[in-house]
Amino acid sequence: MNAKAIMQVDWSRGGDAIVADQSIHRIEDLKGKKISLALFTPSHWLLEYSLQNSSLDESEQAKIAKSLVGKNASPDARTDFVAGKVDACVVWEPDVTEALKQRPGSHILVSSKTASNLIADLMVARQDFIQQHPDVIKAFVQGWMDGTAEANRHPETVTKLLMENEPVYKDLGESETTNGLSTVKWATLEDNTKMFGLDGSEPLFNRLFVQAGKTWVKRGYISSQVSPSEATDTSALKEMYTSMAPDVRPVPPKEEFPVKSPPPASVRSAPAIMDRPVNIYFGSGRAVLSENAKQVLDSVATMSKAFSNAYIRVEGNTDSVGNPATNQRLSQSRAQAVVNYLVARYGFDRNRFVALGNGPNNPVASNSTEAGRSKNRRTDIKIISR
């Protein structure tokens, strides 16, 4: 079946999470642990994306992937975790809440509340149906958008309808159902504009879809990738967008989540939920980004977009050769150069970023060999929960 995504339905904003025991505080702590999850689901992607943006190398990530305890559904993964059979589970609501309740000392390691632009539900239709019934698709998309606006205005009505039509929500009760709905953001035309680039901007969908495709091929789950253009048909959305007067068309904000100015001092020392080393090479004694370095930072930009409700700490590091004070100042300048580029190139709010120079004080290898010194001349990109 040749299926195409025709619109975005919602964003997961806390509805998907990695829940862990007290031995796990960073993504890197998942090494050697047992993790239960429903395979090939959006929650599975949350885990994979988090692993990719950690300091775990490819072989360590592959070992975690191979040792996953695969389940058919989220409740089964939660049951394993509650029973103590695994150290962590990747689940979605209401199983996130239930796992936290039922296993003392458990906590959320990372969720789509922090990775707020990572997991979205999409509406999909057959390509032949789209081509044969464009009027139906157009009316459906318009009707859905009208319904979304109503749901956002009257969330209590959504709770009522869910409890009347879905036994699981009736069993949860009004309070729990309402709380669960707070972990989902119904996608408006503004959200769809950002997702699919209706205003001519780069579609966020393309970045996420390409990266996910590469991941599933690497893991052997699929044999080949599909291009973003082959996976979407947003003609109805585009017609809706272009039919609006230019001055009332939705303009997605560069940053959806307001941040304090300046960021809290605690961000400089707060523990990171994941730590991604990036090889950015500078000229000797310089803090100017090369064109190659700028290309490397493109993937960091994708991560910053995905973890849009987080602070990003950029740490510059050097080897031990030379004057320590000079190295410290140089590492600070290099970290600041990375922040300046990301803010200028991608329009991020500067207050989401903290530049920190460690000089030679944070080695990951011995400085007694050139190989070790090379590893120490790095930039670390750290995700800090807000």
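Q: In which helix is N192 found?
A: This is a predicted model. In it, N192 belongs to helix 10, residues 189–196.

Q: Why is N192 called buried?
A: The label requires a relative accessible area under 20%. N192 has 0%, so N192 is buried.

Q: Which residues does N192 touch, not counting residues up to four places away in sequence?
A: N192 touches M7, Q8, M145, A187, G197, L198 and L237. Contact here means heavy atoms within 4.5 Å.

Q: What makes A65 count as buried or exposed?
A: Buried means under 20% and exposed means over 50%. A65 has 12% relative accessibility, so A65 counts as buried. The residue is found in helix 2, residues 58–66.

Q: With which residues is A65 in contact, leaving aside neighbours within four places in sequence?
A: The contacts of A65 are E48, R219 and Y221.

Q: How far apart are A65 and E202 in sequence and in space?
A: They are separated by 137 residues in sequence and by 31 Å in space, C-alpha to C-alpha.

Q: Why is strand 2 said to be largely enclosed by the rest of the structure?
A: Residues under 20% relative accessible area are buried. In strand 2, residues 16–20, five of the five residues are buried, so the strand is largely enclosed.

Q: Which residues of strand 2 point one way and which the other way?
A: D16, I18 and A20 point one way, A17 and V19 the other way, and all are buried. In a regular strand, side chains alternate between the two faces of the sheet.

Q: What makes strand 2 and strand 5 a pair?
A: Pairing needs at least two bridges between two strands. Strand 2 and strand 5 (residues 88–92) have five bridges, in the antiparallel sense. One of the residues involved is V19, whose bridge partner in strand 5 is C89.

Q: How many bridges join strand 2 to strand 6?
A: Four bridges join strand 2 to strand 6 (residues 107–111), and the two run antiparallel. I18 has V110 of strand 6 as its bridge partner.

Q: What is the order of the open sheet of three strands?
A: The order is 7-1-8, with antiparallel pairing. Strand 7 and strand 8 are the edge strands, each pairing on one side only. The twist from one strand to the next averages 40°.

Q: How do you know that strand 1 and strand 7 pair?
A: At least two bridges are required. Strand 1 and strand 7 have seven bridges, in the antiparallel sense. W11 has A120 in strand 7 as its bridge partner.

Q: What is the strand order of the open sheet of four strands?
A: The order is 9-12-10-11, and the pairing is mixed.

Q: Why is one side of strand 9 and of strand 11 left without a neighbour in the sheet?
A: Strand 9 (274–278) and strand 11 (353–359) each have a single partner strand, so they stand at the edges. Neighbouring strands of this sheet are turned by 25° against each other on average, direction ignored.

Q: Which way do strand 10 and strand 11 run, parallel or antiparallel?
A: Strand 10 (residues 310–317) and strand 11 run parallel and are joined by six bridges. G359 in strand 11 is the bridge partner of N317.

Q: Which strands does helix 14 touch?
A: Helix 14 (residues 291–306) packs on the sheet and touches strand 9, strand 10, strand 11 and strand 12 (379–385). Its direction makes about 165° with that of strand 9. Helix 15 (residues 324–346) lies across strand 10, strand 11 and strand 12, at about 155° to strand 11.

Q: What volume does the largest pocket have, and which residues lie nearest its centre?
A: The volume is about 830 Å³. Of the 27 lining residues, L122, F205, F209, A212 and W216 lie nearest the centre. Helix 11 gives the largest share of this lining, six residues.

Q: How is the lining of the largest pocket divided by class?
A: It has 21 nonpolar, four polar and two charged residues.

Q: How is the lining of the second largest pocket divided by class?
A: There are 11 nonpolar, 10 polar and six charged residues. The volume of the second largest pocket is about 630 Å³.

Terms used
Residues are numbered from 1 along each chain as its sequence is written. This is a predicted model: local features need pLDDT of at least 70, side-chain atom pairs count only at pLDDT 80 or more; totals for chains, interfaces and linings use all residues. Side-chain values use heavy atoms; hydrogens and water are left out. On a 1 Å grid over the protein atoms alone, a cavity is a set of points where a 1.4 Å probe fits but cannot get out, and a pocket is an open set with protein on both sides within 12 Å along at least five of seven lines; lining residues have an atom within 4 Å of a point. Grid points are joined across faces, edges and corners, and a volume is the space filled by probe spheres set on the points. Ala, Val, Leu, Ile, Met, Phe, Trp, Tyr, Cys and Pro count as nonpolar, Asp, Glu, Lys and Arg as charged, and the others, Gly among them, as polar. Axes are lines fitted to C-alpha atoms, for helices over the stretch in contact, and angles run from 0 to 180 degrees between N-to-C directions. Buried means under 20% relative accessible area, exposed over 50%, partly exposed in between (1.4 Å probe, protein chains only).
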